[in-house]
Amino acid sequence: MASQAGLRGLLYNITILGHLRTPPRYGRGGATLSSFKYADLDQSMPEFEGGAADADTMWERIDYFLGRIMPVAEEYKVQMACHPQDPGIKDNEYRGVARVMGTVEGLKKFEAMHENPYHGFNFCQGTVSEMLENPGEEIYDVIRYFGSRKKIFNVHFRNIKGGVLDFVEVFPDEGDVNMLKAARTYKEVGYPYMLMPDHVPGIDGEEAPQVGFAYCYGYIHAIIQAVNEE
C-alpha cells in the first residue's frame, strides 16, 4: 500500500514499553520541559503485562521481524525508518524489558542486521543524544557513522540538556548540542531528506503547541539557509 501511494518510506519503532518520562521540569520563560531521570523512575511497577523480554529475547524478535519485513521493503522500494527507543537506559532493564535500541552500539547492531538499502533509521537526534554521556561532543560522529552509510531516512531535529539517564528536552537553540554544527554534519555526509521538529517544550498562550512548532520550523529554516550559504 505504501508503494502504491508513492510513499518514500515508513516510520516505525521496536519498543514494548513506549516513551518513558519522569515528572517534567521547567525552563526558559517557564516552559514545561519533558524530562527523564532514571533515579526517579518508578521501580515499583510490575513486570510488563506482556511478559519480560531480556536483551537476547528482544534481539531474537527483531531478527524475526527484519527477516520478514526487509525483503518486502526492498522489493517495493519503501524505506523502513526505525525510531530508536526513547530514552535509552543503558544495559538496564525496566519492568523486565531490555531497551536494546537505546544505545549507539545497539543501533549499530540493528543497522548491520539484514542489510539492504531500505533498512535504516528515523534518526531522532534528541533520542540519540539521550544515549550519550556528552552529546555536545559525541553526536556529530554518530551522525557521520550512520549518515555515511546512507542509513538516515529522516531526522527529528531536537535538542536536549543533559545526557544518558538524566536529561530535559529544550528548544533547539538552547541545548547542549550545537545544532548548526549538526546540520553541517548532515550536509557533510550527503543527507538529502527532511529536518523536522519533535517534542516542542510546552508554553503558555493561545494556540501554544502551534506557536511552539512554528518557532522550531523557523529555526530549522534559518539553519538550513545558513548551511547552504556557506
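# Close-up views of a predicted model

**View 1. Helices α2 and α4 pack at an angle of about 5 degrees.** Helix α2 covers residues 104-112, and its axis is 12 Å apart from that of α4. The two helices are therefore roughly parallel to each other, because angles under 35 degrees count as such. This is a predicted model. Which residues of α2 meet α4? They are Val104, Leu107, Lys108 and Glu111. From α4 come Val142, Tyr145 and Phe146. The contact of α2 with α4 divides into 5 nonpolar residues, no polar ones and 2 charged.

**View 2. Helix α2 lies across strands β1, β4 and β7.** Helix α2 runs at about 150 degrees to β7. The strands β1, β4 and β7 belong to the sheet shown in the next view.

**View 3. Five strands form an open sheet with parallel pairing.** The strand order is β1-β4-β7-β8-β11. Which strands stand at the edges? They are β1 (9-13) and β11 (195-196), and each pairs on one side only. Within this sheet, β4 and β7 run parallel and are joined by 3 bridges. Strand β7 spans residues 119-124. Ala81 has Gly120 in β7 as its bridge partner.

**View 4. A second open sheet is built from 4 strands with antiparallel pairing.** Here the order is β2-β3-β10-β9. β2 (22-26) and β9 (159-163) stand at the edges. Each has a single partner strand, so one side of each is left without a neighbour in the sheet. From one strand to the next, the twist averages 25 degrees. Strand β3 takes in residues 32-37 and pairs with β2 over 3 bridges, in the antiparallel sense. Which residue of β3 does Tyr26 stand opposite? That residue is Thr32. In general, the strands of a sheet pair through backbone hydrogen bonds, either parallel or antiparallel.

**View 5. Helices α4 and α5 cross at roughly 20 degrees.** Helix α4 is made of residues 135-148, and helix α5 of residues 179-188. Their axes come within 9 Å. The crossing angle makes α4 roughly parallel to α5. The crossing is right-handed. On the α4 side, Tyr140, Ile143 and Arg144 make the contact. On the α5 side, the contact is made by Lys181, Ala182, Thr185, Tyr186 and Glu188. By type, the residues of this contact of α4 with α5 divide into 4 nonpolar, 1 polar and 3 charged.

**View 6. A cis peptide bond links Asp86 to Pro87.** Its omega is near -5 degrees. Where does Pro87 lie? Pro87 sits in the loop between β4 (79-83) and β5 (93-94).

**View 7. Lys150 has a positive phi although it is not a glycine.** The value is about 60 degrees. Lys150 has its place in the loop between α4 and β8 (152-156). Is Lys150 buried, partly exposed or exposed? Its relative accessibility is 49%, so Lys150 counts as partly exposed; the cut-off for exposed is over 50%.

**View 8. Leu165 is a residue other than glycine with a positive phi.** Phi of Leu165 is near 75 degrees. The place of this leucine is in the loop between β9 and β10 (166-170). Both β9 and β10 belong to the antiparallel sheet of View 4.

Conventions
Residues numbered from 1 in each chain as written. Predicted model: local features only at pLDDT ≥ 70, side-chain atom pairs only at ≥ 80, totals over all residues. Heavy atoms only, no water. Pairing = 2+ DSSP bridges. Axes fitted to C-alpha atoms, helices over the stretch in contact; angles between N-to-C directions. Parallel < 35°, antiparallel > 145°, perpendicular 65-115°, else oblique. Left-handed = near helix turned anticlockwise from the far one by under 90°. Contact = heavy atoms within 4.5 Å. Nonpolar A, V, L, I, M, F, W, Y, C, P; charged D, E, K, R; others polar. Buried < 20%, exposed > 50% of the residue type's maximum accessible area, 1.4 Å probe, protein only.
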